[in-house]
Amino acid sequence: MGKVFQFLSSASLEKLTGQKAYSLEDLLNLIKTCPDSSIFYHTFSAFLKMLEVHLPYNSDIAIWVSEKLNEKALAERLMAIDLSEYSTIKGLRMRLIEIIENYRGQKPDAFQKIANEPFYLYDIIRVVYLTDKFAYDLESFRELLPTISVYSMYYHYIESRLHTQLQSDDFSTWIEESLNIPDLAKRIRKIDINVYTLKGLRSRIIQLIDEYFKEMGQKGQA
Amino acid sequence: MTAPTLFDYKEVVGPEIIGELMILASHVGSRSIKMVNSTAVGGGVAEMLHRIVPLLNDMGVQVKWDVIKADDEFFEITKTFHNALQGQEGYFEEDIFKSYLAYNEKNSHEIDFDEDLIVVHDPQPAALIHWNQDGKNRWVWRCHIDMSHPNPQLWGFLKPYVEQYDAAIFSSALFSPELAIPQYRFYPAIDPLDDKNRELDSSYVDRVLVKYGIPRDKPIVTQISRYDPWKDPVGVVQAFKLAKKYVDCRLLLVGDKAADDPEAEKILERVKAEAGDDPDIHILLFSPSVATEINAFQRASDIILQKSLREGFALTVSEALWKARPVIGGAVGGIPAQIIDGYTGLLVHSVEGASLGIRTLLTQPDLAKRLGENGYQRVKDEFLITKNLKRYLLLLLALDRPREHTIFLK
C-alpha cells in the first residue's frame, strides 16, 4: 500500500503595501522589486477571486493593463502565461518582465500612458493547514473529492507546486508515485487550469477518475 | 428569534467551510481578543460586532467588547473628525485635540487591556493605545472609513497615534493612507442570516409591496440608499425616465431619513420634482426602515441600482447580489470590488450608462439572471461574515509570526 494522502488546505490574509503603479514603467519597477509573495498574490491567487464562476482571470496585472491602460495586446499576452508551467516565482517574475519589456520595443507610446486609477500592489500571508480528511486508495480519494473545500482543491492543484517546486500537482504526483497509476496521473496533470473554475477543476478530476474505473471494469470483464 | 450560531452557517456556506474555520480556530486556541469602539447600538460597526463577537466565541476564541464612555462634547468632536478624515476641509483648534485626548486617556485607564489582541475600531478611540504601551499584547486599528484623502491637519495629529499600533486594517487599498505600520485588507461583510438578508416567504414579500402600494404588474427597478447627493437619486430618476422610453417598468426609491438632516429634505424635494407626476415612480422615506421590509423590496426587484457618484464600500450592493438580483452600480469606491463588470453586474459612469443598463437587463433576462447568479457566488466567496471570522483567525496567527510569508500549521 502506498502513502496515505492527507488533504491540506490554505487561507490568505491580504496586506496593503501602499505601493502603486500608474504607468507601465511603474508596473515594471514594482514587478522587479516586489516580494515573491506579491507576485504570487497577483497571479496564482487570482484563481481564488472567482471560486465558482468562471472568468478569464488569472492575473490582476493583466486586468489592470487591459482596463486601466487599455493595452489589450499586452494584457492578452500576460493573461496567456500558463501558470502551471511555473514552479518558482522567480521564473514567473522573469517572464512577466520579459513580456512587458518586449512590449516597450513594439509599442513605446504605451509607456507614456498614465492610468486614472493605479494598480495597487498587495502582499499576502499564506497559512497552510492539515485537514481531517485522508485518502488511502483511489476509491477513498474519489469519495472525498466532493467533500473537500475549494481552498483545499486550490492548494493541492495550484499552490503546492510552488512549495514542492515540481511542475506537477499533488494529486497526480500521489496517484503516480503512491498508487502507481501513471496513465491517470498524466491525464490529471494535463488538465488546463486556465479554463476551469476550481469547482470545474474538481468535477473534471472526478470525471477522469470515473472514466479510469470504467476502463478498469471493462478490462476486468474482458 | 435567537441569534444564529456558527452551526447555522453550515447550510449557507457549506460544512467544509465551517469545518476549516474550526481547524484554524483550533490553532488559535483560547487566545483572546478585545474589541473597542464608540457605540453599542446604531451604525454598521456596532451591527457587525454584535454578530462577529458571539461567533468568534462559538469557535473558542475569547472575545470581549468594550465601548468607550464619553459625553456629547466628545461625539461632536469625533463627528467632525469623521468628516475631515473623509476629506472635508476645516481647521481644528488645539483645544479640540486636547479634549479628544483627555477622553481617550480617561477611557484608557477605565478599560482593562489584558487580552492577546486589542482591536480598536475607527478614529474615536484611536488614541487609547498611547497610554497602554507595555508591549504585553498586540494592538490593531480597524479603520472602517475612507482615509484616502484625510484632512492634513487632523491626520498630522492622529497619525502618530495610529503608528503606535502593530498594524492597521482597511476595507480597501483605495481607502488607506500611507503608514509606517503593516496594513491588512478586510472587506466589509454582510450577515446572510440577519433580517436584511435572510430568506423570506414570498407571501411576506407580497404583503410588503401591497402595504406600500407598489403594484407588481411590471418590472421593478429599485435603489435603496439615503437621499444624499453622492447616491445620485436624481440621476436614478433621470436614468429611469430615459429607459422608460423603451421598456415599461416601475422605479422604487427607498431611503432612510436621519434625524435633523436638512440636506436630505432638499434632495428629496429635488427627486420629487424630477419624478413629476409619473405614477410609475414610487418614493419611500423611512425613519428608520425595517430590515425585513428592505429585504422584501430587494427580493421583489428585477434590477437593483446603486448609482453612486462617490462611495464608501456600499454593502447594499452585496445585499442585493446575495439575493441574486442583477445590480447596476456606479464605478466608485468599493462597488467595483463587488461588481466585476459584465460578470457579476454592470458598472456605469453616467445617467446614460445606467439607462442603457436598465434597458439591457430588462430585455435580456438570461443575462440578468446570469449576472445575479454570478453576483451571488461572488458575495458567497468574499463578502459574508464567515470570511471575516476567518480573517480574524488569520490575523491572530499572522501577528505571532510577523516575518513569515507562509505559515505551515502542524
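1. Domain contact in chain B. In this predicted model, ten residues of domain 1 of chain B are in contact with nine residues of domain 2 of chain B; two residues are in contact if their C-beta atoms, placed from the backbone, lie within 7 Å. The side of domain 1 of chain B that touches domain 2 of chain B divides into six nonpolar, two polar and two charged residues. Here Ala, Val, Leu, Ile, Met, Phe, Trp, Tyr, Cys and Pro count as nonpolar, Asp, Glu, Lys and Arg as charged, and the others, Gly among them, as polar. Domain 1 of chain B covers 6-189 + 384-400, and domain 2 covers 202-382; such bounds come from an automatic or database domain assignment. The C-alpha centres of these two domains of chain B lie 31 Å apart.

2. Numbering and confidence. Residues are numbered from 1 along each chain as its sequence is written, and chains are lettered from A and ligands numbered from 1 in the order in which they are written. Local features need pLDDT of at least 70 and side-chain atom pairs count only at pLDDT 80 or more, while totals for chains, interfaces and linings use all residues.

3. Domains of chain A. The assignment for chain A gives domain 1 (14-123) and domain 2 (127-221). Their C-alpha centres lie 29 Å apart. The contact between them takes 17 residues from domain 1 of chain A and 15 residues from domain 2 of chain A. On the domain 1 side of chain A, nine nonpolar, five polar and three charged residues touch domain 2.

4. Contact between the chains. Chain A brings 24 residues into contact with 31 residues of chain B. On the chain A side, β1 and β2 of chain A are the elements that give two or more residues. By class, the chain A side has 14 nonpolar, six polar and four charged residues.

5. Nine strands form an open sheet with mixed pairing, in the order β2(B)-β1(B)-β3(B)-β4(B)-β5(B)-β6(B)-β1(A)-β2(A)-β13(B). Strands (E, at least two residues) and helices (H or I, at least four) are DSSP runs, numbered from the N terminus, and two strands pair if DSSP finds at least two bridges between them. At the edges are β2 (62-67) and β13 (406-409) of chain B, each pairing on one side only. From one strand to the next, the twist averages 25 degrees.

6. The β2(A) and β13(B) pair. Strand β2 (residues 119-135) of chain A runs parallel to β13(B) and is joined to it by four bridges. Thr406(B) is the bridge partner of Arg126(A), and Ile407(B) in β13(B) stands opposite Val127(A).

7. Two helices of chain B. Helix α3 (residues 44-58) and helix α15 (residues 385-400) of chain B pack at an angle of about 60 degrees, with their axes 10 Å apart. Axes are lines fitted to C-alpha atoms, for helices over the stretch in contact, and angles run from 0 to 180 degrees between N-to-C directions. Arg51(B), Ile52(B), Leu55(B) and Leu56(B) in α3(B) meet Ile385(B), Asn388(B), Leu389(B) and Tyr392(B) in α15(B). This contact has six nonpolar, one polar and one charged residues.
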